[in-house]
Amino acid sequence: MNKWPWYGYILLAAIIFGVAWFLYFKPQQAEYARIKAERVKVETEVFQLQEKKKQLDKIEAEIATLTGELQELQKIIPQKEEIDVILRMIQQMAVDSRLDVIRFTPRGEIVRDFYAERPIPIEVTGSYHNLASFFDRLSKFERLFNIENFTIRAVPNQTDELTIAASFTAKTYIFLDDKAQPPAKPEVKRRGT
C-alpha cells in the first residue's frame with residue numbers, strides 16, 4: 001500500500017466512502033425520510049385535532065348556554081308534575097289579594113308542538129284594587145300565564161270590599177318531554193301534483 005500512487009489512495013477512499021454510503025448512510029437516509037413523512041402526518045393530525053378541539057369547546061359553550069336558557073324557560077313553563085303546585089299557588093294568590101274565588105275549574109290540557117296549554121276558567125269577586133293586586137302578583141309569578149276572555153262587571157249590592165265580579169281564563173303552559181309529545185302525522189305523498 002505504500003507503493004500506490006496518489007490516485008490509488010483517492011480511489012480507495014472513494015470505495016470505502018461508497019461502501020459506507022450504501023451500507024450505512026443510505027438506509028439511514030431512507031429511515032430519516034420515513035420518520036419525516038410520519039412527523040408531517042402526525043403534525044397534520046394534531047392540527048386537525050386542535051381544530052376539532054376548538055369546535056368542541058365552542059359546541060360545549062353553546063350547550064352550556066342553551067342549557068341555561070332551557071333552565072330559565074323551564075322556570076317559566078313548568079313540567080307536568082309541577083302543575084298541581086302552581087294551581088294551588090294561583091288560588092292562594094287570589095286569596096292573598098282578598099278576592100273571593102267563586103269558580104276555579106282547571107280544564108284539560110291542549111297539546112301543541114312541544115308544550116301543552118292548561119286553561120283555567122276563574123271567577124272572582126272583590127274590589128277593583130284587589131283584582132289589580134291579583135293580576136300584579138300573577139305578572140310577577142315566575143311561570144308564564146296569559147289572561148284571556150276577561151270580563152268585569154259591577155255587582156248589584158256593593159260594599160267596601162265587594163264592588164266587582166270578574167271572570168277570565170288564565171292559561172298556563174306545560175313543557176312536554178319528547179315522550180309526551182304527540183306523534184308526528186305522516187305526510188301523504190300524491191302523484192301527479
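In which helix is the place of Tyr-24? Tyr-24 sits in helix H1. Before going further, some ground rules: this is a predicted model, where local features need pLDDT of at least 70, side-chain atom pairs count only at pLDDT 80 or more, and totals for chains, interfaces and linings use all residues. Residues are numbered from 1 along each chain as its sequence is written, and side-chain values use heavy atoms, with hydrogens and water left out.

**Exercise 1. Work out the overall layout of the chain.**

Step 1: count the elements. There are three helices and five strands; these are DSSP runs numbered from the N terminus, with at least four residues (H or I) for a helix and at least two (E) for a strand.

Step 2: Along the sequence the pattern reads α-α-β-β-β-α-β-β.

Step 3: check burial. Out of 193 residues in the chain, 23% are buried, where buried is under 20% relative accessible area, exposed is over 50%, and partly exposed is in between (1.4 Å probe, protein chains only).

Step 4: look at contacts (heavy atoms within 4.5 Å). Of those in the chain with a separation of 6 or more, 63% are between residues 24 or more positions apart.

**Exercise 2. Describe the nonpolar patch that includes Tyr-24.**

Step 1: list the members. The surface patch is formed by Leu-11, Ile-15, Phe-17, Val-19, Trp-21, Phe-22, Leu-23, Tyr-24 and Phe-25. To join a patch, a residue needs over 30% relative accessible area and no salt bridge; nonpolar side chains (Val, Leu, Ile, Met, Phe, Trp, Tyr) are joined within 5 Å, like charges within 9 Å.

Step 2: Together the members have about 990 Å² of accessible area, by the Shrake-Rupley method with a 1.4 Å probe, where only the protein chains shown count as cover for residues.

Step 3: zoom in on Tyr-24. Its relative accessible area is 49%, so Tyr-24 is partly exposed.

**Exercise 3. Take apart some of the salt bridges.**

Step 1: get the total. The structure has twelve salt bridges, each a side-chain nitrogen of Lys or Arg within 4 Å of a carboxyl oxygen of Asp or Glu.

Step 2: start in H1 (residues 6-76), where Arg-34 and Glu-31 are three residues apart, about one turn of the helix. Their side chains meet in a salt bridge at 2.5 Å, N to O. Arg-34 is partly exposed at 44%, and Glu-31 is partly exposed at 33%.

Step 3: move on to Arg-112 and Glu-117, whose salt bridge spans 3.3 Å, N to O. Arg-112 is partly exposed at 36%, whereas Glu-117 is buried at 8%. Salt bridges with shared partners link Arg-112, Glu-117, Glu-148 and Lys-171 into one network.

**Exercise 4. Explain why strand S5 is largely enclosed.**

Step 1: count. Eleven of the twelve residues in S5 (residues 164-175) are buried, so the rest of the structure largely encloses this strand.

Step 2: find its partners; strands pair if DSSP finds at least two bridges between them. S3 (residues 115-126) runs antiparallel to S5, joined by twelve bridges, one of which pairs Gly-126 with Ile-164. S4 (residues 145-154) is also antiparallel to S5, with eight bridges, and Arg-153 has Ala-165 as its bridge partner in S5.
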